[in-house]
There are 4 protein chains.
Amino acid sequence: MIRVGIVGGTGYTGVELLRLLLPHPEVEIAYVSSRGEAGERVELLFPNLRGLTDLCFSTPSIEELCQLDAVFFATPHGVAMEMAPQLLAAGVRVIDLSADFRLKDQEQFHHWYGLGHTCPDLLPTAAYGLPELFRERIRGSTLVANPGCYPTAVTLGLAPLLSAGWIAPEGIIADCKSGVSGAGRSARVGLILPESADNVAAYGVSGHRHRPEIEATLSEIGGKNIELQFTPHLMPMIRGIHATLYARLQAPRADAELQELFAERYREEPFVDLLPFGSHPSTRSVRGANTCRLAIHQPRPGQVVVLSTIDNLVKGAAGQAVQNLNLLFGWPETLGLQQIALTP
Amino acid sequence: MIRVGIVGGTGYTGVELLRLLLPHPEVEIAYVSSRGEAGERVELLFPNLRGLTDLCFSTPSIEELCQLDAVFFATPHGVAMEMAPQLLAAGVRVIDLSADFRLKDQEQFHHWYGLGHTCPDLLPTAAYGLPELFRERIRGSTLVANPGCYPTAVTLGLAPLLSAGWIAPEGIIADCKSGVSGAGRSARVGLILPESADNVAAYGVSGHRHRPEIEATLSEIGGKNIELQFTPHLMPMIRGIHATLYARLQAPRADAELQELFAERYREEPFVDLLPFGSHPSTRSVRGANTCRLAIHQPRPGQVVVLSTIDNLVKGAAGQAVQNLNLLFGWPETLGLQQIALTP
Amino acid sequence: MIRVGIVGGTGYTGVELLRLLLPHPEVEIAYVSSRGEAGERVELLFPNLRGLTDLCFSTPSIEELCQLDAVFFATPHGVAMEMAPQLLAAGVRVIDLSADFRLKDQEQFHHWYGLGHTCPDLLPTAAYGLPELFRERIRGSTLVANPGCYPTAVTLGLAPLLSAGWIAPEGIIADCKSGVSGAGRSARVGLILPESADNVAAYGVSGHRHRPEIEATLSEIGGKNIELQFTPHLMPMIRGIHATLYARLQAPRADAELQELFAERYREEPFVDLLPFGSHPSTRSVRGANTCRLAIHQPRPGQVVVLSTIDNLVKGAAGQAVQNLNLLFGWPETLGLQQIALTP
Amino acid sequence: MIRVGIVGGTGYTGVELLRLLLPHPEVEIAYVSSRGEAGERVELLFPNLRGLTDLCFSTPSIEELCQLDAVFFATPHGVAMEMAPQLLAAGVRVIDLSADFRLKDQEQFHHWYGLGHTCPDLLPTAAYGLPELFRERIRGSTLVANPGCYPTAVTLGLAPLLSAGWIAPEGIIADCKSGVSGAGRSARVGLILPESADNVAAYGVSGHRHRPEIEATLSEIGGKNIELQFTPHLMPMIRGIHATLYARLQAPRADAELQELFAERYREEPFVDLLPFGSHPSTRSVRGANTCRLAIHQPRPGQVVVLSTIDNLVKGAAGQAVQNLNLLFGWPETLGLQQIALTP
């Protein structure tokens, strides 16, 4: 039994961490912070947790956090990098669900997030927390940069093709559809139901912070520079990401070869589920579960279409963070993560 | 052709007034104000209006408003009562879609809205803008208090029973369901799609500002004091109000008598549509239209259930305001109000 | 470890039973039947279950069912009463989620369901499966009539008031709002998203099958004949029931007395959660969980309003059935039922 | 004033034709057919039309249709081609909203629709009813093949680039998102709200009937063979199509050049609205209106992304059909088509 803390517990990533960690058999949640709600009982803000916890939100205190075994940051960018050095020095493992340690390149970080990095020396030590690709690095690390929701869906969908060198590095397109919870639990007119229900629109088409993160990972996997066209869209739904991925084969491949490439790559992965060739996964089938569900198509020879679905708050955030926690502490990777997707 | 202005044009009531008034054959919209968006083009905020108007939002100016023929207030309470006296003195007709002139009783106004009334002398001159009940008063007035959305649905559903004296004055219940647009175009966490979609909850059960407004009208119609249990609920939909109204008959009545009472009462009304006895109107069937659609049930002898549906932004706000404008200027009451409800 | 079967596994109640029973520590699902899908793998119909079960749907076979320890009926009415006698004779415990054993009165059953009852002698032996009211009867029974979703929400909300004799038996109103999954997984035009989204309508106002079921239970609790006005409405959401319950006190009671009555009644109940007086529970806060969340209001002296929320597929169907299973086999009542509601 | 008929009036295209044609100043709807609902009053099926029409559905009768001035087919494929020859011989203008006359190539038609064409001699005479591209052909025709909803959004978004020869003919991708009404008013489990709400999935990725239709038009415009990757997705909304279109420039172009190309091409078009460069149109902004709203992006040099939005039932079906009617009869193209999009 370890004692963990959550910094920034009032957003959707925070409440999802609480949902997953409260019943986790090896974890005691000792601390949840929130500047805005300090002193308030957690169950008052999140009535789904009534009767399950006596926790109150605290003002973040580095002293208290330093006494824990692990700390999750479910904060806007800029917070984790302020506190991580002290925590790590005190022997606390850090899992950052924000963007602070995702981009290794300080200038890119500054460009996309508008902040100078305050602990660039830690950047090389941070493991990118996508276990299906970087499991050993995560196991050997004390600081995990938990991936963004879009990067998780896109990277898992393209990795087998890129690591095999089967697709052309240019012209890859990720057309992504996200539920509104991806925009966070924040009071913005554009997110209220009368604006966002019964409506679809793209956003950030000319540039979005998740693109450099995806490109960095794909370039590392592919062993060459990958430029991606990444187009996010807001869907009138609560949870879920559907990534529709387009790439061109470098040489002809039969449908069965494509399927076998993915099947081989993900056979042992508990949280990646490959559907039969030509299937259409739905975000519904992963709602509430830590699963990435994939399907492959080749509509015309040489044109590959990969459909990749996750729950943005689980495999795209809190679930993946718990998966990383399990790795850091040497527990079975699926511990506490076997919730079945809610259908309907 | 008259020239009208809209004070507070950035909310849902404002944009709905624009949708209805832009094609109105007797109206030129000369002025739309908004403190927050002053200087901005209207079509930038509301792209559905692109190409239909060159209007920009202005800072509210009493001088400019005084040169118009009519002014609509689509503002929070407290604004109209500040400006109405000067406008009326200048001969401008005023249609207030806020609450400032709905309650004749100053103390009630203060209790429910937390403000002292600044022009109580105008209160007796304001006509309550429910044309189906107070058509002649509206025609003879220069100041119209446009009813709230809930009061419109509830009052039209109960009026025939009360004016006939058929139901008991005590124990009347109005269980009301509203789309989220009823809460306005405002940035509040509780209204964002991830909170309000796939969810139903009541609010204000212990007391809501629309209750005294409904009770005042019903008491006037019924000729005695009516106390209503009014329970509003937030529905995961954009537009629409469904009022489910419960009352007890004072004496036995056949189903056909009940139906005939309503049929007789609303036969000539262009905007009230009585369905066959025992039907179930849907909010969908009035979406975008200035219609109140009603049906009557008597599940057990003596127990009457009236189902009343409107679009909260049309018959519950902007459409009714245009209907009142038509009355004020002696035009056909349906002018500019013949939009067909959008189905599906 | 017992072996259970599900008859009728392709509806929403069936898939919810699978979601709850697959991880249940004392249960092995040995059998799932469906006439229409016989031979098909369960995970093909319900991809959320991929990798969790090898089950295929079978044609219902009484021989195979007789070898199990318990059988759930998630079928339309009329099926369970055909098979239950043989199963009970073979020592199998039966939990019927359909209506076959809910109404003790054969004539009422015939009136509302259009069928003659085929085993009326079993009716007196069936326990009505609302554990909060009839726990001991259920423990001592081999045949459980699992309540309907509306009756669960309404009865739990009114029971304390009726058993205390505090409210008048006449004039009780249950205005209920249900998600569309309550209508089942059936191909009907009225249920498709373009019809049922962004829409609210009542249905069955003049009479609904769940009314006599509720009235029978309430009359038993209250010790006198209770006539209820029950009004169901279809909401544009997937899961959830919100019951708004209206009753009149027989004698004056302080708010705190009302609250204490409920608090006392449900203090030891793991699946009933009473909110502070004057709160507004949301269906969201119980989505996916076996919880009934309640709040009490007294808007005017003597007028009680109870707000009662459940997930229609969990506490309103499959979750309650598992709770009954736990009782029948003497396990802790919460076994396998500690899922946390999915928020957002 | 002409007399028109609608064959197949019970689907969403049918009711949308009724919504648009009932107030059309030059049209009298003389006839609406439906095999399934023959004898039924139209307003019973579509309560939004109550009080606006006395029409009843009829069994389709070729004799009666031959006496009209124009006939719309809002039927599944296979119906219009059976009846069109006689109607045209009788001098009736035919606007077919189904697929019967969209593909000039009989073999393609047979491949995608599984039917032999029964009047292939008429195929060359049918004008493809996309007025922005083929206005003169439509004016000179008596038989109009009204485009599909996806083809309308995609073709308007790509036409300027292809007719200018600016983009490469290979590698064009149309990632399209559609509301559920695009699947028709049909009783299918996959379309009911509990399945399709809060969910996103692709369908027909390996091949969809609208792809050859789009490719034929684009190839004609581009003067060379165009192969498109077309990926449709089902969105949890009622109406709307959002097409996200990807293409590569053959030579470098400044953003302003791209914008000017589209601005020039659509300057005089009443129903195409080009947003400022880099904007994000929403389906909401065209809901209920006969508008295609477009925006252009160039996220990286040479990579063009066009966002194209329509209401699938208006500009994607019934509205465009009325636009074609206006052309056939020499009326102003916007006659009866100036509904403002419903916001919110």
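A residue counts as buried when its relative accessible area is under 20%, computed with a 1.4 Å probe on protein chains only. That cut-off applies to several residues of this predicted model, discussed below by topic.

The backbone of Asp198(B) has a phi near 50 degrees, a positive value in a residue other than glycine.

In chain A, Asp198(A) likewise has a positive phi, near 50 degrees, although the residue is not glycine. Asp198(A) belongs to the loop between helix H8 (193–196) and strand E9 (201–202) of chain A. Because its relative accessibility is 7%, Asp198(A) is classed as buried. The table sets out the values for these two residues.

| Residue | Phi | Relative accessibility |
|---|---|---|
| Asp198(A) | near 50 degrees | 7% |

In chain B, the peptide bond between Thr343(B) and Pro344(B) is cis, with omega about 0 degrees. Pro344(B) is located in the segment after helix H11 (314–328) of chain B.

Glu215(D) forms part of helix H9 (residues 210–222) of chain D. With a relative accessible area of 10%, Glu215(D) is buried. Its side chain makes a polar contact of 2.8 Å with the side chain of Arg300(A). Leaving aside residues up to four places away in sequence, Glu215(D) touches Arg300(A), together with Ile226(D), Glu227(D) and Leu228(D) of its own chain.

**Helix packing in chain C**

Helix H7 (residues 149–163) of chain C packs against H11(C) at an angle of about 100 degrees, and the two axes are 8 Å apart. An angle of 65 to 115 degrees counts as roughly perpendicular, and H7(C) and H11(C) are therefore described in that way. On the H7(C) side, the contact involves Cys149(C), Thr152(C) and Leu156(C), which meet Lys315(C), Gly316(C) and Gln320(C) of H11(C). By class, the residues of this contact comprise two nonpolar, three polar and one charged.

How values were computed. Residues numbered from 1 in each chain as written. Chains lettered and ligands numbered in written order. Predicted model: local features only at pLDDT ≥ 70, side-chain atom pairs only at ≥ 80, totals over all residues. Heavy atoms only, no water. Helix = DSSP H or I, 4+ residues; strand = E, 2+ residues; numbered from the N terminus. Polar contact = N/O pair within 3.5 Å; in protein donor to acceptor, adjacent residues only side chain to side chain. Contact = heavy atoms within 4.5 Å. Axes fitted to C-alpha atoms, helices over the stretch in contact; angles between N-to-C directions. Parallel < 35°, antiparallel > 145°, perpendicular 65-115°, else oblique. Nonpolar A, V, L, I, M, F, W, Y, C, P; charged D, E, K, R; others polar.
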